[in-house]
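This report is meant for a reader who has not seen this structure before. Please look over the sequence and the model first.

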Amino acid sequence: MGILRTDKVSGLETPIAVTNSVLFDGTGDYLSIASSSDFTFGTGDFTVELYVNATNFTNRGTFYDSRAVGGTTGITIGHEASTGELRVYMNATSGSDITAQSTDFTTDTWYHVAVTRSSGTVRLFIDGILKDSGTRTSDMNNTNAVNIGYKTYDSSGYDYFSGYVSNFRILKGTALYTADFTPPVHALEVIGDTVLLCCNNPDSAGAASYAGIGTSKTITVNGDAAASTVSPSLTRDFTSGTEFRGVTTFDTQGYFVPPSGTTEQRGRGRGIFGGGRAYPGNSVQKTIDFVEIQTQGNALDFGDLTSIRERLSGAAGAIRGLFAGGQVSPTTNIIDFVTISTTSNATDFGDLTTTRMDIGGAANHTRAVFFAGGTPGNSSNIIDFVTIASIGNAQDFGDLTDASLKGCGCGSPTRGIIFIGTTVQYITWATTGNAQDFGDTTITNTSRMALSDSTRGIVAGGYASPAKSNVIEYITIATLGNAQDFGDLTYGAYEPEGASSNSTRGVLALGDALVLSETNAIDYITIQTTGNAKDFGDLTQRRKQGAACSDSHGGIA
């Protein structure tokens, strides 16, 4: 008899470890954020929570402080020297004016610490257990700068924290915890009323993974505060999985009958392929096709781009797909967008900073970048970015290490990966800045395609003189290093139509894969394995030099 395991149904059988925190050495290290109304809690509810691991109690260590220099309005959360007793001060007027406190805190141990206010009651939780509470209805109407790891209130006596902070989150308007609870086992995410989420990036101590519901924020890193891989035992939460629709029944033997309706992944698993040059006729197209990645079969018509073009790039968030740049004559700076869950023609999104063809693209759930490319005879090292949810022109992100044509990219929720020639480069989504060296690919290829899940990047095909390449390689996105062999495409693919993915599977439209002509063939791979690609189905027409993206790639699913 078969066994239907709930972890297989939900997709939770392979949790991904989170290894991100910020290290404070206790001497001049802290993070500071400029004045923002997001931290003006007034008389309302709020939540401040973090994972914290103190390495010593030499100082009175500060976790978070928003009280003004020379003033008292705001909140201080930290530990005492010697004993490590946790203390919370709110609008305090003296050193003994403690709102909540607890002695249950030691060194070299990870704790989940949460401070909430609900209808005037302030509560201190350690690992989900309510340790103390007090009444504090006063108005926190300050607009002070705030610090993580050091005091802002000059008379508090609290000093530099020594240890690690991970997954620091603030909610304004919501008291997330009001009674004992089970501490989160997954990395914290943006939920309603989140105004700050930080100390969770493997590349930058100052990266905020979310700008907040109010003003955007820049975190200034002071001293030697640094991103660290020392972390609490958390895993990524999985937000996609199988949904059963219809009637689900249970019986007394403890098994359930799957519903009579259909099953699907809501809004997940659709890949789109746009533009390119078709065969026969060698005509440039504006066609957009789509496939359901979790199945197999031929592509269907989605709609059209705003103009015919080839040598363009694609990138997407969970809702929108973007197609940028390209060439008919002349080269264009157009960015189009579509809503992936529908079928319709593309709409104008905005413009790139310059007109470019042979351009690469990549995205996470909020931000897309378009890089390299140029005009005939000229290449660039430009990296542009856009916020996917906001229509508008692209802005400067930074530069590649070298000017180039025909790059491709992919990414995880924190890093974007760029494949240019034999080099692999990376960027950090939450910041702006120049790309950095990641490693190298095993062969010299141009005109490739790339895809990813949340941990692994795949690059495939291209032109490796003197032949069209069928090579598939992979990298582990969080770990710098050279690419490794994955397997082979069904054909050598030069100037492919593009690649897209969901959280487990990649689909690759091969483009110019046959001698002297294009193909409509689509291959697929299982990203976390290695092995040769298999036949998925066909595009609606034979074409090359297009672009692809999906609503559920590694930066999203």
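The text below covers confidence, nonpolar cores, one phenylalanine and the salt bridges.

**Confidence**

The model is predicted. Its average pLDDT is 85, and 86% of the residues score at least 70. Residues 1-17 have a pLDDT below 50, and this stretch has 23 contacts in the model beyond near neighbours in sequence. Residues 239-267 also have a pLDDT below 50, with 45 contacts in the model beyond near neighbours in sequence. Where pLDDT is low, the predicted coordinates should not be read in detail.

**Nonpolar cores**

The largest nonpolar core holds 42 residues, of which Val 52, Tyr 64, Ile 75, Phe 168, Ile 170 and Leu 196 touch the most other members. Strand β3 (residues 46-54) supplies the largest share of this core, five residues. Another core lies apart from the largest one; it has 16 residues, including Ala 499, Leu 508, Ile 527 and Ala 533.

**Phe 438**

Phe 438 sits in strand β36 (residues 436-440). Its relative accessibility is 3%, so Phe 438 counts as buried. Phe 419 is 19 residues from Phe 438 along the chain, and their C-alpha atoms are separated by 9.6 Å.

**Salt bridges**

Side chains of opposite charge can pair when their charged atoms come close. The structure holds 18 salt bridges. Three of them are listed here.

| Glu 80 | Arg 60 | 2.8 Å |

Arg 60 and Glu 80 form a salt bridge. They are 20 residues apart, with Arg 60 in the loop between β3 and β4 (62-65) and Glu 80 in the loop between β5 (75-79) and β6 (86-90). Arg 60 is partly exposed, at 21% relative accessibility, whereas Glu 80 is buried, at 14%.

Glu 310 lies in the loop between β23 (300-304) and β24 (313-316), and Arg 277 lies in strand β21 (residues 270-279), 33 residues apart. Both residues, Glu 310 and Arg 277, are buried.

Asp 336 is buried at a relative accessible area of 0%, and Arg 309 is buried at 1% relative accessibility.

Terms used. Residues numbered from 1 in each chain as written. Predicted model: local features only at pLDDT ≥ 70, side-chain atom pairs only at ≥ 80, totals over all residues. Heavy atoms only, no water. pLDDT = per-residue confidence, 0-100. Contact = heavy atoms within 4.5 Å. Core = buried A, V, L, I, M, F, W, Y, C linked by side-chain atoms within 4.5 Å. Buried < 20%, exposed > 50% of the residue type's maximum accessible area, 1.4 Å probe, protein only. Helix = DSSP H or I, 4+ residues; strand = E, 2+ residues; numbered from the N terminus. Salt bridge = Lys/Arg side-chain N within 4 Å of Asp/Glu carboxyl O.
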